[in-house]
Amino acid sequence: MLSKDVESRHISNADPLEGPDRLGHFGPYGGMFVGETLVAAVEELAEVYERLAADPDFWEEFHRDLKYYVGRPSPLYFAERLTSAAGGADIYLKREDLNHTGAHKVNNTIGQALLARHMGKTRLIAETGAGQHGVASATVAARMGLECHVYMGSEDIKRQAPNVYRMKLLGARVVPVTSGTKTLKDAMNEALRDWATNVDTTYYMIGTAAGPHPYPKLVRDFQSVIGREARQQCLEQIGRLPDALVACVGGGSNAIGLFHPFLHDSEVAMYGVEAGGLGLQTGKHAAPLSDGRPGVLHGNRTYLMTDAGGQIRDTHSVSAGLDYPGVGPEHAWLKDIKRVQYVAATDEETLHAFHDLTRMEGIIPALESSHAIAYAMKLAAELGPGKQIVVNLSGRGDKDIQTVAAIDGIEL
Amino acid sequence: MSRISQVIKTRQASGGKIVVPYLVAGDPDLGTSLRLMHALVAAGSDIIELGVPFSDPSSDGEVIQKGAERALARGTTLLQVIDLVAQFRTTDPDTPVVLMGYLNPVEILGYEQFVNSASEAGVDGVLLVDMPPTESPPLAGMLADAGLDLIFLVAPTTSETRARLIASQCTGYLYYVSLKGVTGAAISDTDSIARNIGLLKTFADVPIVIGFGIKDENSAASLAKLADGVVIGSALVQKIAGLPASDAEDTEIEASVSLIGAIRKRLDQTG
């Protein structure tokens, strides 16, 4: 049995863009690196998902929820004044910030809630950094009448008080995590411990396209609605495909959602923008693809921020949602095969972009998404007039106004 | 025959059960770990599981997490842990040592350097909790070539088909996880443990030890009856947590491993 598995791993990548293989590998990345207690749970999830993904009724239900509950499709908006300010290519924004709950995260939780229901699970758990995925999880749990526990680093609870209260209003229990660095990665460790303990009743709703197989695949599939809509909207509004796509990358779910439906369109360049923090050269950032190396964490092999001894390094970013030392395995693979270019925007560039978009377009972006805006403005100038760029505006920035005010020295 | 298999065989020949303590290397410092290892042998341990500290131990409960944090606060690295085994070997050529931890430090060091250094230092086996058999082939092959055992876990959630696969890949001993949860949690269902071990014994060629949740002589004795031996982790790490950060007195070292001596004694009495 084992030798056959290994064989299939090596012959499965005929088309490098058609991952993952049966065991969740994108080239050497991905896989199913979990403790034995959880293997049965992830295998069961993989089986259930494979079955449901082949069932048109499942997708019909998913798209019905996205239309009537989330408010999709989200518009593709031409940011005219931002384009003028950047002085080059046209900048279009894919408005995921207009989704119910204010970010792309809900596309995934709607899909995973359907999986949980099909599996007969009564209890949802989730990890969250900025709180957006926690809110999106608490939202679907409320809607389906499920118990919901959200693990959140105690540092992040301090940084993201409004989202913590939002989750509580929705009926979720927010569990503070005080181990390790007290941020997103530790929240994920704690969620994995809970899952191992309550594996019979509990569905673990991972918030990004990372973790053990099948999460990177199923989260990508749910988020790919972003790219499918954007592709269609480009054809209708511009009359052709865009020259470039830009999205921020923490775990990478909004980016893979935008990129995936365009992967075979070789004329479309793609840029994933990581959190450059205080600058890549300072080491104080959250950019494993730009300044990390392959390793294994949280169920998958991928690029990580790790020290020479294999310990996971502390990360830094102005945005809690990108403050994670790993990245989804499909991004690791797309980097290696050079289909996507991964770059970084610093905290400072990000804050400029945050203010620019707010003042020029009347849209307050999430700090996460502001990384993509920052790079897109640079890229627009480089590409020059007559070109088109689509930026994923993955979330709105209401949650961040306290952070921005504090940085600008303003007391609210 | 590997040193692990030899030791287990010898113990079983006299009708005894295997006692396997787990401690975190570098907790509270490497010098103390070395003294603890020798003290554990003196207390009647058959095999030592030496925990390699990792920043993100997602299969471990709070006690072992804290042990790892103490070790990492001192900057303990995988290479230092391997060197600790080499030092242990200078005076103890007989007691098998198994490195237990997570895959990332091994990946970052590189499989080849890991296997070579571990083998040279006198390590006997490796257990990586987040490396299931399906992901193990490259490393498994290198460990086998170097004569090191590769130990896997079987959990209460493991299907029979999968348990058969794991048993066929596992060398040295098979580690049965007594509960659904993390290290140090409470055991609630001894009947299902007995049932699962009974099934495992019908096809596993390697001895079976039970771990997770063994706290004292009583829990050790009741579980040892079901298998070939027991692993004691969190309960021991909890005792070690009470040691001073360095230069513990000999009496303090002895006191912190007394639990293992008590378990050895009880298992020898009850056979």
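**Ground rules**

I count residues from 1 along each chain as its sequence is written, with chains lettered from A and ligands numbered from 1 in the order in which they are written. Since the model is predicted, local features need pLDDT of at least 70 and side-chain atom pairs count only at pLDDT 80 or more, while totals for chains, interfaces and linings use all residues, and side-chain values use heavy atoms, with hydrogens and water left out.

**Entry 1: the six-stranded sheet of chain A**

I began with the strands, which, like helices, are DSSP runs numbered from the N terminus (helices are H or I with at least four residues, strands E with at least two). Two strands pair if DSSP finds at least two bridges between them. I found an open sheet of six strands in chain A, in the order S3-S4-S14-S9-S10-S13 and with mixed pairing. Strand S3 (76-78) and strand S13 (341-346) of chain A stand at the edges with a single partner strand each, so one side of each has no neighbour in the sheet. On average, neighbouring strands of this sheet are turned by 30° against each other, direction ignored; the axes are lines fitted to C-alpha atoms, for helices over the stretch in contact, and angles run from 0 to 180 degrees between N-to-C directions.

Within this sheet I followed strand S4 (residues 90-95) of chain A, which runs parallel to strand S14 (residues 388-393) of chain A and is joined to S14(A) by six bridges. A:Leu93 has A:Val391 in S14(A) as its bridge partner.

Helix H11 (residues 225-237) of chain A lies across S3, S4 and S14 of chain A, at about 135° to S4(A). Helix H15 (residues 347-361) of chain A lies across S3, S4, strand S10 (269-277), S13 and S14 of chain A, and runs at about 85° to S13(A).

**Entry 2: A:Asp243**

Is A:Asp243 buried or exposed? I placed A:Asp243 in the loop between H11 and strand S9 (244-248) of chain A, and with a relative accessible area of 18% A:Asp243 is buried. The cut-offs are under 20% relative accessible area for buried, over 50% for exposed and partly exposed in between, with a 1.4 Å probe and protein chains only. The side chain of A:Asp243 reaches the backbone nitrogen of A:Gln388 at 2.8 Å. Apart from neighbours within four places in sequence, the contacts of A:Asp243 include A:Glu267, A:Val268 and A:Lys387.

**Entry 3: the four-stranded sheet of chain A**

I then traced an open, antiparallel sheet of four strands in chain A, in the order S1-S2-S12-S11. Strand S1 (25-26) and strand S11 (293-297) of chain A are the edge strands, each pairing on one side only. Two bridges link S1(A) to strand S2 (residues 29-33) of chain A in the antiparallel sense, and A:Phe26 stands opposite A:Tyr29 in S2(A). Helix H14 (residues 329-336) of chain A lies across S1, S2 and strand S12 (299-304) of chain A, at about 45° to S12(A).

**Entry 4: A:Gly321**

A:Gly321 sits in the loop between S12 and H14 of chain A and counts as partly exposed at 26% relative accessibility. Its C-alpha atom is separated by 8.1 Å from that of A:Thr128, although A:Gly321 and A:Thr128 are 193 residues apart along the chain. Leaving aside neighbours within four places in sequence, I found A:Gly321 in contact with A:Ala130 and A:Glu368.

**Entry 5: helix H6 of chain B**

Which residues of helix H6 (residues 111-121) of chain B are buried? I listed B:Tyr111, B:Phe114, B:Val115, B:Ser117, B:Ala118 and B:Ala121. The cover over these buried residues includes S12 of chain A, together with elements of chain B, among them helix H4 (78-91) and helix H7 (137-145). After H6(B) comes B:Gly122, whose phi is positive, near 95°.

**Entry 6: B:Ala146**

B:Ala146 lies in the loop between H7 and strand S5 (149-150) of chain B, and at 30% relative accessibility B:Ala146 is partly exposed. Leaving aside neighbours within four places in sequence, B:Ala146 is in contact with B:Val115 and B:Ser119.

Methods
Contact means heavy atoms within 4.5 Å. A polar contact is a pair of N or O atoms within 3.5 Å; within protein, one must be able to donate a hydrogen and the other to accept it, and residues adjacent in sequence count only if both atoms are side-chain atoms.
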